[in-house]
Structure formats: C-alpha cells, structure tokens
Amino acid sequence: MKIVVDAFGGDNAPAEIVKGCAQAVQGLDLDIALTGREAEIRRVADETGVSLERMELFDAPDVITMEDSAGEILKSKSNSSMALGLRLLAEGKGDAFVSGGNSGALVVGATFLVKRIRGVKRIAFAPVLPKNKGCFMLIDSGANVDCKPEMLQQFGLMGSVYMEKVMGVEKPRVALANIGTEDHKGGELQHGAFALLGKSGLNFVGNVEARDIPDDAGDVVVADGFTGNVILKMYEGVAIMLMGKLKEIFTARPLNKLAAAIVLKDIKALKKHFDYNEYGGAPLMGCAKPVFKTHGSAKAKTVYNAIRLTKAYVEGKVVDEIASSVAKCSQGGKKA
C-alpha cells in the first residue's frame with residue numbers, strides 16, 4: 001500500500017510530517033509518496049536523522065497557505081504540494097492522500113481533482129471524537145454550511161459505513177444533532193432529515209441534544225456543517241479547559257501532588273482518551289478515493305495516527321461500501 005502525504009500541509013511542516021511518515025513506514029509496513037519541495041524535505045530529513053527509506057519524493061514548488069482562498073488550489077496554487085498529492089491519488093499513483101493543510105482548499109481539491117463517489121451530493125468532514133464509551137463520528141463538521149435533508153441522510157450513511165468498517169462498531173447508532181430529542185423539534189432541515197434517516201435502513205436512534213453527545217448518545221452524530229463545526233470547536237475547547245483545570249488542581253499543593261501520584265496511571269489514560277493526537281484528524285467522506293485531513297498543528301505522533309487510520313480506511317474498502325450503499329439508497333432500497 002502507498003499513502004500520498006502532503007509534506008507541507010500544516011504548521012509544523014515539513015519536519016514533523018517527515019518524522020511521522022518515517023514512523024508509519026516502520027510501524028505500519030507501507031510506502032509513502034511525499035509531495036513538496038524536494039530539496040527542503042531532504043535537508044530536513046538529513047538534519048533530523050530521519051530515514052527516507054520507502055518514501056518516494058514528488059517535487060512541488062508551491063504551498064497552499066491558510067490565508068489562500070480555497071479555489072486557489074485549482075488556479076495560482078495548482079503546483080502546490082496539496083494539489084500534486086490529490087492529482088497523484090486521482091491518477092492511481094497512491095491508495096489514499098493525507099494533508100494537514102488548508103481545509104477549504106482540500107475540500108475543493110478533493111471535489112474537483114479526485115471527484116465524489118457517484119451519487120454523493122457533497123463531501124463532508126467527519127472527525128472521530130472521544131465519548132464516555134469509546135468514540136463517535138461527527139459528520140459534517142464544517143465542509144457544508146448550507147445543507148439539504150438528502151445530504152444529511154447521506155452523511156449518516158457514510159458515517160455508519162466508516163464506523164463499522166474502520167472503527168469496528170457493530171450496527172453504529174446514527175443520531176441527528178438537534179435542539180431537543182422530540183421528533184418534532186428543529187427547523188425544516190431537521191424535520192426533513194429526521195424523516196429520511198428514519199426510513200433509510202440505518203440504525204437511526206432519533207434526535208440528540210448537544211449535551212448528550214459526550215455521554216454515548218450515538219456512534220454517528222449527523223449535522224449540517226455550521227452546527228457540526230460549532231459542536232466540534234466547543235467540544236475541543238471544553239476538553240482542553242478541563243484537562244488544564246485538572247492539572248491546576250493536582251499541582252496546587254503538596255497533598256494534591258501526592259494524590260496525583262496515586263492516580264497517575266488513571267490520569268494518563270484520561271488524557272490519552274481526550275488527546276486529539278490519538279484520533280489523527282478527519283476523513284473526507286464522499287471522495288471517490290480515500291482523503292484524510294489531519295490537524296493543522298499536527299506533530300509526528302498525529303501524522304502517524306492519521307496514516308494508521310487512513311490505512312484502515314483503505315483496507316476496509318469504505319469507498320466501495322459507500323458507493324454500494326448510496327446506489328441502493330438512490331434506487332429506493334435499504335442499506336444492507
């Protein structure tokens with residue numbers, strides 16, 4: 001298997017990207033295609049003592065910055081590391097693509113260069129996040145601000161396939177983010193989506209309020225991109241704040257430090273559970289080939305985990321499963 005990686009996507013590129021790729025080559029037994037300024041990649045690898053074994057370099061002179069508009073990936077930045085990586089994927093020179101770069105540009109590039117799965121209306125960001133028991137997928141979390149009910153139905157379908165095939169969740173529970181749990185709650189979008197999800201053949205458990213999402217309310221939480229992004233950012237912010245407050249408590253006084261030492265193993269497990277680096281980032285669901293968005297601030301560990309999940313994405317044949325399910329749905333059938 002060969003994973004194409006944008007060596008210049010993210011705040012810590014290319015050094016941390018190259019380190020993470022080297023770890024993936026060793027730990028996951030796969031090949032890497034790195035896109036970006038080849039001379040700089042080789043210089044960084046030499047300076048940090050990182051081996052480029054099983055890594056093929058593809059030179060790209062430009063970089064998509066966070067300040068660039070999304071459409072520039074098809075125009076002035078068509079020779080960027082991100083654009084080249086997506087083209088390599090589209091041309092069959094890799095099995096999947098990973099980037100920590102500009103999210104908007106990645107969605108545009110994936111849509112127009114890699115294309116969507118036949119029948120899929122929109123590509124969606126779908127991060128996997130921690131909950132009380134295990135993890136859940138939040139789809140969409142920012143790619144589509146304005147949605148139609150049919151899109152939310154497809155989000156639920158795609159998220160269900162991913163959670164089953166990649167995360168190993170049997171019969172994933174699909175929930176609709178709403179302002180109440182009653183069937184009649186929400187606006188026109190939620191009413192339409194509720195009706196479609198209810199007859200989709202998915203394991204739909206109904207509406208869910210944001211406060212119940214962390215407490216195992218569902219395995220796939222469906223939302224329009226605006227709502228999903230608000231939930232995502234609040235979720236991340238509260239987790240960071242709580243872990244910070246916990247650290248303050250356990251370091252405030254000598255007795256507190258002693259108590260911390262007693263429960264240190266449990267504290268580390270809790271921190272790991274809420275550490276976004278463990279989850280790698282978010283797949284772009286609906287692409288004709290696997291595309292994965294890792295965090296812009298990704299360090300080597302995050303890159304490694306992103307590649308690990310991307311490998312599982314490929315091995316689980318998620319794209320084929322989604323294509324089959326979407327086709328059945330469009331024909332009025334049930335999801336298998």
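R122 counts as partly exposed, at 40% relative accessibility. Partly exposed lies between buried (under 20% relative accessible area) and exposed (over 50%), with a 1.4 Å probe and protein chains only. The structure is a predicted model, in which local features need pLDDT of at least 70, side-chain atom pairs count only at pLDDT 80 or more, and totals for chains, interfaces and linings use all residues. Residues are numbered from 1 along each chain as its sequence is written, and side-chain values use heavy atoms, with hydrogens and water left out.

R122 sits in the loop between helix 4 (103-114) and strand 5 (124-125). Helices (H or I, at least four residues) and strands (E, at least two) are DSSP runs, numbered from the N terminus. Together with R116, K121 and K148, R122 forms a positive surface patch. Patch residues have over 30% relative accessible area and no salt bridge, and like charges are joined within 9 Å. Accessible areas come from the Shrake-Rupley method with a 1.4 Å probe, and for residues only the protein chains shown count as cover. A salt bridge is a side-chain nitrogen of Lys or Arg within 4 Å of a carboxyl oxygen of Asp or Glu. Lys and Arg count as positive. The place of a charge is taken as NZ of Lys or CZ of Arg.

Backbone geometry was examined next. A13 and P14 are joined by a cis peptide bond, with omega about 0 degrees. P14 belongs to the loop between strand 1 (2-6) and helix 1 (15-28). A cis bond also runs from I139 to D140, where omega is near 5 degrees. D140 falls in the loop that links strand 7 (135-139) and helix 5 (149-165).

Positive phi values were found too. R54, a residue other than glycine, has phi near 65 degrees. Its loop lies between helix 2 (38-48) and strand 3 (55-59). R54 counts as partly exposed, at 33% relative accessibility. For D216, also not a glycine, phi is near 65 degrees. D216 is placed in the loop between strand 9 (203-208) and strand 10 (220-222).

A search of the whole structure finds 0 disulfides, a disulfide being a pair of cysteine sulfur atoms within 2.5 Å. C147 is in no disulfide, and the nearest cysteine sulfur, that of C287, is 15 Å away. C287 is likewise in no disulfide. C147 counts as buried because its relative accessibility is 15%. C287 counts as buried at 0%.

Key:
Patch = residues over 30% accessible without salt bridge, like charges linked within 9 Å, V, L, I, M, F, W, Y side chains within 5 Å.
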